[in-house]
Amino acid sequence: MSLEEIKTRIAKAEIAAGREPGAVTLIAVSKVQPNERVAVVLEQGQRCFGENRVQEASGKWPDFMQQYDGVDLHLIGPLQTNKARQAMELCHAIHSVDRPKLAKTLARLAQELGQCPDLFIQVNTGEEEQKAGVMPGQADDFIAECRALDLPVKGLMCIPPAEEEPSLHFALLAKIAARNGLKGLSMGMSSDFETAIAQGATHVRVGSAIFGTRG
Ligand SMILES: *Cc1c(COP(=O)(O)O)cnc(C)c1O
């Protein structure tokens, strides 16, 4: 599917949900994609991209950022504390803040660097053992903890369990965000971004629908 088609579907979903046009940011998830494919999407004017590994992102994005103005890079995958500085220097947003140790590291580095990317707290809405994210029952406390550290928390992020109805998870994430006064909702991927937009997504993370399947 082309970038244009995805953007059209996002615009239609915004209208259907009574959302403002442009309320939803498309993050084109370029992880594991060959540089040629990423360059095609950059040439088409897309500037907001998502990567899930710091190492991969730092290998390919500095060059693209030299070539193209206004690239907005979002880290959407798990972040180890020893990669936090690199992530903060490279990325404009981090969607995977999920534990106190990482929050404290980000806060210390924010002081040191004098800047901090927009942060999203990842919530493990399906309470899956193998998945990252704070448990729903601990989300309120963790959000408060991040705010007490002066971190720029913009919203919440989730990845619903593969085999479950995503809308239940999107609704749960929206509820936790609303009761904490958070506006950002990073939810929805290739297979369910329209559902996510209907439930208030502000950021959808779409990979394979734009770039094709990952090899
Ligand atoms: C890979 C990935 C996506 C994109 O998934 P698609 O199904 O290819 O759209 C979104 N979010 C996260 C966290 C990912 O790792």
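The second largest pocket is lined by N52, R53, V54, Q55, P78, L79, Q80 and K83. A pocket is an open set of points on a 1 Å grid over the protein atoms alone, where a 1.4 Å probe fits, with protein on both sides within 12 Å along at least five of seven lines; lining residues have an atom within 4 Å of a point. The volume of the second largest pocket is about 150 Å³, taken as the space filled by probe spheres set on the points. Its lining comprises three nonpolar, three polar and two charged residues, with Gly counted as polar.

The model is predicted, and local features need pLDDT of at least 70, side-chain atom pairs pLDDT 80 or more, while totals for chains, interfaces and linings use all residues. Residues are numbered from 1 along each chain, and side-chain values use heavy atoms, without hydrogens and water.

The largest pocket, with a volume of about 330 Å³, is the space taken by the ligand (more than half of the atoms of a molecule must lie within 2 Å of the grid points). Of its 18 lining residues, K31, I76, I159, M189 and R205 are the closest to the centre. Seven residues of this lining are nonpolar, seven polar and four charged.

Residues surrounding the ligand (a heavy atom within 4 Å) include V29, N52, V206 and R214. Polar contacts are pairs of N or O atoms within 3.5 Å. A polar side-chain atom of R205 lies 2.9 Å from a ligand nitrogen atom. A polar backbone atom of G207 is 2.8 Å from an oxygen atom of the ligand, and for a polar backbone atom of S208 the distance to a ligand oxygen atom is 2.8 Å. The protein buries 89% of the 390 Å² that the ligand exposes when taken alone (Shrake-Rupley method, 1.4 Å probe).

Definitions and conventions:
A polar contact is a pair of N or O atoms within 3.5 Å; within protein, one must be able to donate a hydrogen and the other to accept it, and residues adjacent in sequence count only if both atoms are side-chain atoms.
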